[in-house]
Amino acid sequence: MTSARNLGVLAGGLVVLGALAGVQVLTDSDAGVVETAPDAVAPSAAPGATDPPGPGVTEPSGPGATDPPGPGVTEPPGPGATEPPAASLPARPPASQLQGLALRAEPVLTELRNLTGMVWNAELGAFYAITQDGFVHRLPPDLAGSEPVMDLSGEVTALETGSERGLLGIAFDPRDGRMFLHYTDRGDDTNVVSYAMVDGRPDPSSRRLVLFVEQPGLGHNGGQLLFADDGGLYVGLGDGGGSRGRDAQDYSKLFGSVLRIVPKLDAEGYDIPADNPHVSTPGYRGEIFVKGLRNPWQFTRDPATGDLYIADVGEDTIEELNVVPAGTSGQNFGWYWFEGSLDRGIGGIPAGLQLTPPVFEYRHDQVGPAIVGGQTYLGSAIPALRGAFVFADMTGPMFAMGAANEVVRLDVPRPAQGDFGVMTSVAAGPDGELYVLTLRKGIYRLLPR
Ligand SMILES: [Ca+2]
């Protein structure tokens, strides 16, 4: 697919297209692999990477960059800062080790529909899965069955085909075990709520409203929740679908962001960490951790490095994967001016504003229409995959990112029954094995073929 070789990225954060800088090229075969452009360079090493950052904006150093931050750059103790990576965690494998891996996706639980997220709760010894129509299910470690433990179906947006609204995120507070849910309500506005857990079930009487955001439109709601070791809760919010994306660049609004807040332990609401990047900038919302995202449907921390991997769902053309290196914040990932490396021709980018390019992108006409953020594989069933970051497109293609952010398209044949039933999430089990959640066909487990 030579046409794909024309892909570019924002070179080192410059607001220009750089020819082939750091972008990887796809084959069009289902079983094909991603090749690295022969002259590819990491975005962090591209010209322009040493340009001084704009006010309050973190230097767009790529993962692994060791340059010290420039003057005035906020450097909070990011995720992982309070807990050094365990020495036993595997490093990302070389891409050559990922190429040619023969895998399969085995159905392990088909009874649940409309799955949007699943997390393992070590304290309670169970998985908790959510469905877009408002249910929380508890599942045993072997996923042999499921039991509903909460019904919010009368409270969340009624399920519609193709809708991005509903119950979208779940996480547990490592400080006190409370369950946090992220959903759009019957007025289509965003709510983050929490519940105490009693005997493995959320107690409705303990409900607290943590965050409420009035939504300007019906789509691009984000949805991810993720607790870091520092007590920070990371919350994904899309551009809200009400301004053709402009709200993603309005720092007086929470849209188009990953937020970082600290939920109160004894009351509703939250505090804003003093080391968030914009707390001292007049007119900026202090909750904003990173900005310029369209619809950060899923993000996760790499357990070995603490880097935050944000899958940002694109508009009509490009899907992208963004990275916030551990210990940095304040990045602006470019939407609505850019969709991946594509300049949308809008203009009006403030002088001095540094934009951070994605570390990987793919085109809709090459792969599919919506990136599904992933997990680092730490299991034992597929030894060659250990340490790789596994992600997918909604329509079924799966990828693994290895060392130097090189991405390989995994060889995972479509199920015999036709398709994967709309992938929505990649989840990790207590043993590090990975599961793919779908809207129509339940849960698959990734295994060797
Ligand atoms: Ca972007």
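This is a predicted model: local features need pLDDT of at least 70, side-chain atom pairs count only at pLDDT 80 or more; totals for chains, interfaces and linings use all residues.
**Exercise 1. Locate aspartate 199 and decide whether it is buried or exposed.**

Solution. Step 1. Aspartate 199 belongs to the loop between β13 (197-198) and β14 (201-202).

Step 1. Its phi is near 55°, a positive value in a residue other than glycine.

Step 2. Aspartate 199 has 7 other C-beta atoms within 10 Å, so it is exposed.

**Exercise 2. State the confidence and the overall make-up of the chain.**

Solution. Step 1. pLDDT is the predictor's confidence in each residue, from 0 to 100. The chain average is 84, and 81% of the residues score at least 70.

Step 1. Over residues 1-85 the pLDDT stays under 50. Two residues are in contact if their C-beta atoms, placed from the backbone, lie within 7 Å. For residues 1-85 the model has 201 contacts beyond four places in sequence.

Step 2. The secondary structure consists of one helix and 33 strands.

Step 3. Of the 449 residues in the chain, 53% are buried. Among contacts between residues at least 6 apart in sequence, 59% join residues at least 24 apart.

**Exercise 3. Trace the pairing of strand β12 with β11 and β15.**

Solution. Step 1. Two strands pair if DSSP finds at least two bridges between them. β11 (residues 179-184) and β12 (residues 190-195) pair in the antiparallel sense over six bridges.

Step 1. β11 and β12 form a hairpin with five residues between them. In the turn, aspartate 188 has a positive phi of about 65°.

Step 2. β12 also pairs with β15 (residues 208-213), in the antiparallel sense and over five bridges. Here valine 193 stands opposite leucine 209 in β15.

**Exercise 4. Describe the open sheet that holds β29 and β30.**

Solution. Step 1. Four strands form the open sheet in the order β27-β28-β29-β30, with antiparallel pairing.

Step 1. The edge strands are β27 (371-376) and β30 (407-409), each pairing on one side only.

Step 2. Neighbouring strands of this sheet are turned by 25° against each other on average, direction ignored. The axes are lines fitted to C-alpha atoms, for helices over the stretch in contact, and angles run from 0 to 180 degrees between N-to-C directions.

Step 3. β29 (residues 398-401) runs antiparallel to β30 and is joined to it by three bridges. Alanine 400 has valine 408 in β30 as its bridge partner.

**Exercise 5. Identify the residues with the most contacts inside the largest nonpolar core.**

Solution. Step 1. A nonpolar core is a set of buried Ala, Val, Leu, Ile, Met, Phe, Trp, Tyr and Cys residues joined through C-beta atoms within 7 Å.

Step 1. The largest such core has 106 residues, and Val235, Phe391 and Ala400 have the most contacts inside it. Strand β10 (residues 167-172) gives the most to this core, with five residues.

**Exercise 6. Examine the loop between β23 and β24 at glycine 330 and tyrosine 336.**

Solution. Step 1. Glycine 330 lies in the loop between β23 (318-324) and β24 (338-339). Glycine 330 is buried because 28 other C-beta atoms lie within 10 Å.

Step 1. Glycine 330 and phenylalanine 289 are 41 residues apart in sequence and 5.6 Å apart in space, C-alpha to C-alpha.

Step 2. Tyrosine 336 is also in the loop between β23 and β24. A cis peptide bond, with omega about 25°, joins tryptophan 335 and tyrosine 336.

Key
Residues are numbered from 1 along each chain as its sequence is written. A residue is buried if 20 or more other C-beta atoms lie within 10 Å of its own, exposed if 12 or fewer, and partly exposed in between; C-beta atoms are placed from the backbone. Helices (H or I, at least four residues) and strands (E, at least two) are DSSP runs, numbered from the N terminus.
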